[in-house]
Amino acid sequence: PKAREQIIKKINVNPDIKKDVPKVVDSFDVEDIAEKASFCRCWRSKKFPYCDGAHGAYNKETGDNVGPLVIKRQSK
Ligand code: FES
């Protein structure tokens with residue numbers, strides 16, 4: 001079972017986040033985003049749904065090239 005868990009963690013896009021729900025959905029009001037917000041797309045962030053830089057180690061380990069979605073508020 002431990003080996004199986006390891007394999008599933010490797011092939012699932014999401015290895016750990018909110019595994020007790022059938023679908024992980026996060027939503028935000030645009031008004032609540034300050035100047036800039038970075039959202040995780042590698043599913044490895046400890047601050048998910050925000051990016052904490054974990055994509056760097058993940059890319060290094062796997063040869064992947066994923067990074068965050070960055071949303072910026074236009075300054076007026
Ligand atoms: Fe996941 Fe940055 S930590 S994209």
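**Ground rules.** I am working from a predicted model, in which local features need pLDDT of at least 70 and side-chain atom pairs count only at pLDDT 80 or more, while totals for chains, interfaces and linings use all residues. Residues are numbered from 1 along each chain as its sequence is written, and side-chain values use heavy atoms, with hydrogens and water left out.

**Entry on N14.** I place N14 in the loop between α1 (2-11) and β1 (36-39); helices (H or I, at least four residues) and strands (E, at least two) are DSSP runs, numbered from the N terminus. I note that N14 is buried, with a relative accessible area of 10%, on a scale where buried means under 20% relative accessible area, exposed over 50% and partly exposed in between, with a 1.4 Å probe and protein chains only. I then looked up the polar contacts of its side chain, a polar contact being a pair of N or O atoms within 3.5 Å; within protein, one must be able to donate a hydrogen and the other to accept it, and residues adjacent in sequence count only if both atoms are side-chain atoms. A polar atom of the N14 side chain lies 3.2 Å from the backbone nitrogen of D16, and a polar atom of the N14 side chain lies 2.8 Å from the backbone oxygen of I17.

**Entry on S45.** I find S45 in the loop between β1 and α2, and S45 is buried, at a relative accessible area of 7%. Its side chain reaches the backbone oxygen of Y50 at 2.6 Å, and I also record 3.4 Å between a polar atom of the S45 side chain and the backbone nitrogen of D52. Residues up to four places away in sequence aside, S45 touches I17, C40, Y50, C51, D52 and A54.

**Entry on the core and F48.** I looked up the largest nonpolar core, and it has 5 residues, namely I17, C40, C42, F48 and Y58; such a core is a set of buried Ala, Val, Leu, Ile, Met, Phe, Trp, Tyr and Cys residues joined through side-chain atoms within 4.5 Å. With residues up to four places away in sequence not counted, F48 touches I17, V24, D26, C40 and W43. A cis peptide bond joins F48 and P49, with omega about 15 degrees, and P49 is found in the loop between β1 and α2 (55-62).

**Entry on backbone angles and charge.** I checked phi for W43 and read a value near 65 degrees, positive in a residue other than glycine; W43 has its place in the loop between β1 and α2. For K18, phi is near 45 degrees, again a positive value in a residue other than glycine, and K18 lies in the loop between α1 and β1. How many salt bridges does the structure hold? I find 1 salt bridge, the term requiring a side-chain nitrogen of Lys or Arg within 4 Å of a carboxyl oxygen of Asp or Glu. The side chains of K18 and D26 meet in it at 3.1 Å, N to O. K18 is partly exposed at 40% relative accessibility, and D26 is partly exposed at 30%.

**Entry on rings.** The structure holds 4 aromatic pairs, for which rings of Phe, Tyr and Trp (its six-membered ring) pair if their centres lie within 6.5 Å. I note that ring pairs link F28, F39 and Y50 into a cluster.

I find P68 in the loop between α2 and β2 (69-72), partly exposed with a relative accessible area of 25%. Leaving aside its neighbours within four places in sequence, P68 is in contact with S38, F39, R41, C51 and H55. P68 and D26 are 42 residues apart in sequence and 15 Å apart in space, C-alpha to C-alpha. V25 lies in the loop between α1 and β1 and counts as exposed at 56% relative accessibility; I read 20 Å between the C-alpha atoms of V25 and H55, which are 30 residues apart along the chain.

Key:
Contact means heavy atoms within 4.5 Å. Rings of Phe, Tyr and Trp (its six-membered ring) pair if their centres lie within 6.5 Å; planes under 30 degrees apart count as stacked, over 60 as edge-to-face and the rest as tilted.
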